[in-house]
Amino acid sequence: QVQLVESGGGLVQPGGSLRLSCAASGSIFGIGTMGWYRQAPGKERELVARVTSDGITNYADSVKGRFTISRDNAKNMVYLQMNTLKPEDTAVYYCNADVLTLVRAAYNTWGQGTQVTVSS
């Protein structure tokens, strides 16, 4: 089993910054694409950003130029640097990853989520 644990959420004023972290642990042989999704109240979960194992990134249009995704393959970590935050960025942010376990089981898994609230 592989677990994803997010951290770094919180309350921030509009225009502020936060950095989310996600740590993968467990019986990991390899990790493919890692990403961040978010879900606001009453809305569907949506992709925020993702990064392949080779470092190729893509972003939702709504966060381009403000958010940066990165990963540390040696530490099995993925990060989301969020700048110039807006109230509409308020949501629960979820980490997601394509994992391959030591027994070569491949699956997609989610973290438990971390709340980000942008408000004055």
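Tutor: A residue is called buried when its relative accessible area is under 20%, exposed when it is over 50%, and partly exposed in between (1.4 Å probe, protein chains only). By this rule, buried residues make up 40% of the 120 residues in the protein. The model is predicted, so local features need pLDDT of at least 70 and side-chain atom pairs count only at pLDDT 80 or more, while totals for chains, interfaces and linings use all residues. Residues are numbered from 1 along each chain as its sequence is written, and side-chain values use heavy atoms, with hydrogens and water left out.

Student: What makes up the protein, helices or strands?

Tutor: The protein has 0 helices and 11 strands. Both are DSSP runs numbered from the N terminus: helices are H or I with at least four residues, strands are E with at least two.

Student: How do you know whether the radius of gyration agrees with a compact globule?

Tutor: The radius is taken over C-alpha atoms, and the globule rule is 2.2 Å times the number of residues to the power 0.38. For 120 residues the rule gives a value near 14 Å; the protein has 14 Å, so the two agree.

Student: How many aromatic pairs does a search of the whole structure find?

Tutor: The search finds 2 aromatic pairs. Rings of Phe, Tyr and Trp (its six-membered ring) pair if their centres lie within 6.5 Å; planes under 30 degrees apart count as stacked, over 60 as edge-to-face and the rest as tilted.

Student: Why is the pair of Y37 and W110 called edge-to-face?

Tutor: Their ring centres are 5.0 Å apart and their planes stand at 65°, so the pair is edge-to-face. Y37 lies in strand 4 (residues 28-39) and W110 in strand 10 (residues 106-110), so the pair ties together parts that are 73 residues apart in sequence.

Student: What makes Y94 and W110 an edge-to-face pair?

Tutor: The centres of their rings lie 6.4 Å apart and the planes are at 90°, so this pair is edge-to-face. Y94 belongs to strand 9 (residues 91-101) and W110 to strand 10, so parts 16 residues apart in sequence are tied together. Ring pairs link Y37, Y94 and W110 into a cluster.

Student: Why is Y37 called buried?

Tutor: Y37 has a relative accessible area of 18%, which is under 20% and therefore buried.

Student: How are Y94 and W110 classed, buried or partly exposed?

Tutor: Y94 has 13% relative accessibility, so Y94 counts as buried. W110 has 35%, so W110 counts as partly exposed.
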